[in-house]
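Reader: I'd like to go through this chain with you piece by piece. Could you keep to what can be computed from the coordinates?

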Amino acid sequence: MRGEAATISTYSFFQDGYADPGNFVGTATVQGSFTGSVEPSGIMNSAGLTAFQLTLTLNQPNGSFQLHSSGMPSFFSFDTLSSPNPSGGNSTFALAVALANSSNTLCIGVATPFICGRTANGGFTVYGLTTMNFAQLTLVPPTVTPIPAPVLLFATALAGLGLLGARARRLPRAA
């Protein structure tokens, strides 16, 4: 049985429109990126993640401050094959991640209120804020790493020696 190579993709994301439903005065945005392997079905999940970072920016009347993710998400799901909704967002993006220097868990996505023990009331709950906006996700183009010139030179030299050896074996030997 032959194994197949996994597709490794990096995405950046941004989600805004968070507003205070109650006692927090201000707005918030979430942005970050993640890298991971995509299953043949097009799904990326927690098990396939290799890198993750997130920043939550809270904008209050007395200034703004940021909270960052603490490690990998405890829950993560994204369907890479689903097309964005008419506003360009993606409704299949969902995650739950602990915030550094905080006892809070950031929950994004339709399925996460059940995971995080909150009810969304039609919104997407994060840090006590809600938004009706889906996250905007962008596939980051892969970078191509060129083969260094010394490696090409070495490979050419080995190929040349191989050809010389093959030619020497074909020539008749004098008796």
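Reader: To begin, in which helix is L158 found?

Author: L158 sits in helix α2, which covers residues 149-170; helices here are DSSP runs of H or I with at least four residues, strands are runs of E with at least two, and both are numbered from the N terminus. Please keep in mind that this is a predicted model, in which local features need pLDDT of at least 70 and side-chain atom pairs count only at pLDDT 80 or more, while totals for chains, interfaces and linings use all residues. Residues are numbered from 1 along each chain as its sequence is written, and side-chain values use heavy atoms, with hydrogens and water left out.

Reader: Is L158 buried or exposed, or partly exposed?

Author: L158 counts as partly exposed because its relative accessibility is 47%, where buried means under 20% relative accessible area, exposed means over 50%, and partly exposed lies in between (1.4 Å probe, protein chains only).

Reader: Switching to the whole chain, what is the order of the elements?

Author: Starting at the N terminus, the order is β-β-β-β-β-β-β-β-α-β-α, which is two helices and nine strands. Of the 175 residues, 30% are buried.

Reader: And the largest nonpolar core, which residues touch the most other members?

Author: Those are F34, F52, L54, F76 and F93, in a core of 24 residues, that is, a set of buried Ala, Val, Leu, Ile, Met, Phe, Trp, Tyr and Cys residues joined through side-chain atoms within 4.5 Å. Two or more residues each come from β1 (7-19), β2, β4 (49-60), β6 (75-79), β7 (94-98) and β8 (105-108), and β4 gives the largest share, five residues.

Reader: What does F93 touch?

Author: Leaving out residues up to four places away in sequence, F93 touches F13, F34, F76, S77, F78, I108, G109, A135 and L137, where contact means heavy atoms within 4.5 Å.

Reader: Back to β2 for a moment, what about T35?

Author: T35 lies in strand β2, residues 27-38, and is classed as buried because its relative accessible area is 17%. Its side chain makes a polar contact with the side chain of T10 at 2.8 Å; such a contact is a pair of N or O atoms within 3.5 Å, and within protein one must be able to donate a hydrogen and the other to accept it, with residues adjacent in sequence counting only if both atoms are side-chain atoms.
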